[in-house]
Amino acid sequence: MSETQHKERCLEFDDSSLARELFGPGNDNLTMLSGMSGLALENRGTKLFLGKGDDQVRDRMANLLIQMYGLLKAGRPIYASDIKYGWKLLGREPGADLRAIFHESVFVASPKRTVTPKTLSQKEYVQAVRDNDMTFAIGPAGTGKTYLAVAMAVAALTKREVKRLILTRPAVEAGEKLGYLPGDLADKVNPYLRPLYDALHDLLDPKKVSEMIETGTIEIAPLAFMRGRTLNGSFIILDEAQNTTPEQMKMFLTRLGFGSRAVITGDVTQIDLPTFPNGSGMGRSG
């Protein structure tokens, strides 16, 4: 790939099929990038011309396209969402290595689906989980804390790094009382654990999930059920940990046995605990 710069800036790619994939069907990716950047983008065969504009914007665009092309050459397919993320990332971190971020596959759920960190923070999160026996992930809703943790857990189980997955949450009421929900204890706590089931079903076949729950390979239970246990050879996720008391957090952290890993996720700005003199267990731990 070569690059020349006049009044217009030109990028030239050495593989016509990869260049077409980069530009998108009907040049859709170029149209999207032009709208986000305000630059005129015109392709002629394997050449792409960046129209007149702010030099920093053109540098950012060239950086993005060169790195995305490098991903394609490395065999990693790219999607419009990847290009959007890449554009935003390079706006915040001009020196970001997109290949290191997007080439980091966590777990392949099917031939058509790959779970991949989409931001620098997510990449650091994934690496922290790989490097440590215990990881705290604190951040707002929608940042992938639980989903990535479940993906890492499923990957570890698939590779036989652990023998079972244990997913738990504190069953803290937020408005409606548990006693007014229909059914037995399992039925009452199930709504609190639903997000964990959703993540598993998104990564694995629901029938396989049911079988693994039946055999005890996957366990999804309220935090109160962890008391008195020692969990060996397990990947344990404590979700919504901001709703634990300090005593509950201490109880959970002392459950880890040999060969186990734990990820504790939560958002300390969304605490649903009733008034406790000692506050949130996650706040105290962090």
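Biologist: Buried means under 20% relative accessible area, exposed means over 50%, and partly exposed is anything in between (1.4 Å probe, protein chains only), so which class does Met134 get?

Modeller: Met134 counts as partly exposed, because its relative accessible area is 33%. Please keep in mind that this is a predicted model, in which local features need pLDDT of at least 70 and side-chain atom pairs count only at pLDDT 80 or more, whereas totals for chains, interfaces and linings use all residues. Residues are numbered from 1 along each chain as its sequence is written, and side-chain values use heavy atoms, with hydrogens and water left out.

Biologist: Fine. Where in the fold does Met134 sit?

Modeller: Met134 belongs to strand E7, which covers residues 134-138; helices (H or I, at least four residues) and strands (E, at least two) are DSSP runs, numbered from the N terminus.

Biologist: And which residues make up the nonpolar patch on the surface there?

Modeller: The patch is formed by Met134, Phe136, Ile138, Val268 and Ile271, which together have about 380 Å² of accessible area. The area comes from the Shrake-Rupley method with a 1.4 Å probe, and for residues only the protein chains shown count as cover. A patch takes residues with over 30% relative accessible area and no salt bridge, joining like charges within 9 Å and nonpolar side chains (Val, Leu, Ile, Met, Phe, Trp, Tyr) within 5 Å. Met134 has a relative accessible area of 33% and is therefore partly exposed.

Biologist: Switching to charges. How many salt bridges does the structure hold?

Modeller: It holds 10 salt bridges, each being a side-chain nitrogen of Lys or Arg within 4 Å of a carboxyl oxygen of Asp or Glu.

Biologist: What does Asp14 pair with?

Modeller: Asp14 forms a salt bridge with Lys73, and the closest N and O atoms of that pair are 3.2 Å apart. The two partners lie 59 residues apart and link distant parts of the chain, since Asp14 is in the loop between strand E2 (9-12) and H1 while Lys73 is in helix H3.

Biologist: How accessible is that Lys73?

Modeller: Lys73 has a relative accessible area of 47%, so it falls in the partly exposed class.

Biologist: And Arg44, what is its partner?

Modeller: Arg44 has its salt bridge with Glu42, where the closest N and O atoms are 3.2 Å apart. Arg44 is partly exposed because its relative accessible area is 45%, and Glu42 is also partly exposed, at 39% relative accessibility.

Biologist: What about Asp198 and Arg194, how far apart are N and O in their salt bridge?

Modeller: The distance from N to O is 3.6 Å where the side chains of Asp198 and Arg194 meet. Both residues lie in helix H8 (residues 185-203), and their spacing of 4 residues is about one turn of the helix. Asp198 has a relative accessible area of 45% and Arg194 one of 33%, so Asp198 counts as partly exposed, and so does Arg194.

Biologist: On to the backbone. What is phi at Asn27?

Modeller: Phi of Asn27 is near 60°, which is a positive value in a residue other than glycine. Asn27 is located in the loop between H1 and helix H2 (28-37), and with a relative accessible area of 27% it is partly exposed.

Biologist: And what is phi at Arg160?

Modeller: Arg160, although not a glycine, has a positive phi of about 60°. The loop between helix H7 (145-158) and strand E8 (164-169) holds Arg160, which is exposed because its relative accessible area is 75%.

Biologist: Last topic: is Ala153 buried or exposed?

Modeller: Ala153, which is part of helix H7, counts as buried because its relative accessibility is 0%. From C-alpha to C-alpha, Ala153 and Val129 are 9.6 Å apart in space, while in sequence they are 24 residues apart.

Biologist: And how far is Asp202 from Ala151?

Modeller: Asp202 and Ala151 are separated by 51 residues in sequence and by 9.6 Å in space, C-alpha to C-alpha. Asp202 is in helix H8, and its relative accessible area of 37% makes it partly exposed.
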